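Subject: Structure handover

Hello,

Here is the structure for your files, with the sequence. My notes come after it.

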Amino acid sequence: MAQNLTIGNPKAMAMANAVTADFVGLDNVHYNPAGLVDLKGRQFETKVIAAYMDIRAEFEPGENYDFFGFDADDDPVSYTKSQTATPAMYIPGVGLTSVPALIAPLNGVSFNPPGSKFTFANNLYAPMALGFSRDEGDDPAAFQGQKVALQRITYLSPSIGYKVNDQLDVGLSVGFSHQALAMEQKFRSPNDLLALNANPAIQTLFCDTPGIDILTAIFLDICQGDANPFANMADMSLEMTETLSPTYNLGLRWKPYDWLRFGLVYQSEAKMNLKGDYSFEYSDDFFEFMKGFAGAYNPSIFGAALIGPISAKQKEEGIASMKLTYPQHISGGVSVDLTPRLTMNFDLKWTDYDVWENFVIEFDRQVMAMQFATILAPANAQPNRIVMPRGYESKWSWAVGFEYDVSNRLSLRWGYENRPSSIPEDKADIMAPLGDAHIIGLGFGYQWDKESVVDVGFQYFWSKQEIPAGTSCNVNCDGITDLVYNPYAGMDLETSINAYIFSLSYRTRF
């Protein structure tokens, strides 16, 4: 979904990531380690990447939007819009943090002994770095991510390229990465069950009618607090990491003719066990409702039997863990010199997002919110676990890039990538608002002097999606058992992302 977006290599960006058969400098550690053989002597490369990402969402009640007397006029999310351009990232030792701008310096180094067929390299890069922060006030999208960061930073990548002969190069890199998944989010549940409970007529009948109110207190106390279907029930915070996650990249490059090159790279998967801290802080109304339901004030026999004993803490904290697989990736490409000055690259790519079938988060103790969700959604919630169905799909994508040598010092580059979404329509949401995407790249390379090269790259990424009411049970299904997790049940949603990414690099021999 976000493959190669945050590597920050200017040449790859300008050519829309169609560089599997090409040379891009130290970032061949990622794109194709076989290309490292083109780095002669001792070389150092530094680069800076900057990005601006505009994320938007619109919320409109679907036809017949109603939950037992609660309609669009009662829902503060109705007919609202969300917009953010504030990045967020996970900083080890600090945690999930909003930052004023997304700017990152990265660097690498290589060594090719004189007369040797081997080239050794190490590079610092970010295979995955996505994060945003929404307004902490009343942003309507906060129920699927107030603040989110999913990032992978490769801090050590010992690599080797080997020139087998004049036509064949091979390479291998081993990456040691830090993986983080962090989020802050509000919770709500537009649902007929909660609406029925909060309906004024029901409350009057069962809580204020003499005789009936006593029976309610004995068997199922629903008279404490307020479980409004549109109210914020809880604020969740979750930060999980894996500090050492190894992968490897295996590459090959074949040059049967001077004007024709083929490239192939395999990037391995990584199985991780993320672990970290969580907290649920409940609203006053929902906390009181749950205490009453569980029998804190009255017997509430059925309620206590349904959810069992609760912690009776308005803020629950503990340790969370999650098994996550970083998906494997395959890319094949060809680079053709159409004329002595013009080169065309074409890549075909596949990423195995089928492995993201479910995100299962385990808590080290019972969580009150999960105990309540278990009543109607036992398949996706247990007292100490939540299952977030993803159902993502492995997709092929393609990209084409061009490089034109204006002179022996200046090269102009451009490209286009078509990237189908790995998120099927019935699993779409606004936490990962990525529909089918398109990428346009522009840039240039300049031979600064005999030993030094400067590269500049720019990418424009855009994606839009529409999610009609009831079509995705990751965001807007309105069945009585769709508690996990449909905070915009019954709503028509539209999302868009427009990202502008810039990178500048300088490579020199030393």
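This is a predicted model: local features need pLDDT of at least 70, side-chain atom pairs count only at pLDDT 80 or more; totals for chains, interfaces and linings use all residues.

Residues are numbered from 1 along each chain as its sequence is written, and side-chain values use heavy atoms, with hydrogens and water left out.

Spaces

The second largest pocket holds about 580 Å³ of space. It has 26 lining residues, and those closest to its centre are Lys11, Glu403, Asp405, Ser411 and Arg413. Two or more lining residues come from each of β13 (234–257), β17 (329–337), β22 (395–405), β23 (410–419), β24 (437–447) and β25 (452–467). By class, the lining of this pocket has 13 charged, seven polar and six nonpolar residues.

There are eight cavities of 30 Å³ or more in the structure. The largest cavity has a space of about 210 Å³. Phe187, Met233, Ala369, Ala373 and Leu483 are the closest to its centre among the 15 residues that line it. Helix α8 (residues 368–373) gives the largest share of that lining, four residues. The lining of the largest cavity is made up of 13 nonpolar residues, one polar and one charged.

Terms for this part: on a 1 Å grid over the protein atoms alone, a cavity is a set of points where a 1.4 Å probe fits but cannot get out, and a pocket is an open set with protein on both sides within 12 Å along at least five of seven lines; lining residues have an atom within 4 Å of a point. Points are joined across faces, edges and corners, and volume is the space filled by probe spheres set on them. Ala, Val, Leu, Ile, Met, Phe, Trp, Tyr, Cys and Pro count as nonpolar, Asp, Glu, Lys and Arg as charged, and the others, Gly among them, as polar. Helices (H or I, at least four residues) and strands (E, at least two) are DSSP runs, numbered from the N terminus.

Strands and buried residues

Strands β1 (residues 41–61) and β4 run antiparallel and are joined by five bridges (strands pair if DSSP finds at least two bridges between them). Lys81 in β4 is the bridge partner of Glu58. Lys81 and Gln83 are on the uncovered face of β4 (residues 80–84), while Thr80, Ser82 and Thr84 are on the covered one.

Gln267, in strand β14 (residues 260–267), counts as buried because its relative accessibility is 8% (buried means under 20% relative accessible area, exposed over 50%, partly exposed in between, with a 1.4 Å probe and protein chains only). Leaving aside neighbours within four places in sequence, Gln267 is in contact with residues including His30, Tyr248 and Gln328 (contact means heavy atoms within 4.5 Å). A polar atom of the Gln267 side chain lies 2.9 Å from the backbone oxygen of His30.

Ser496 is in strand β26 (residues 491–509) and counts as buried at 13% relative accessibility.

Backbone

Most residues other than glycine have a negative phi, and most peptide bonds are trans. The bond from Val484 to Tyr485 is cis, with omega near -15°. Ala16 has a positive phi, near 55°, and is buried at 0%. Ala312 also has a positive phi, near 65°, but is partly exposed at 48%.

Regards

Conventions:
A polar contact is a pair of N or O atoms within 3.5 Å; within protein, one must be able to donate a hydrogen and the other to accept it, and residues adjacent in sequence count only if both atoms are side-chain atoms.
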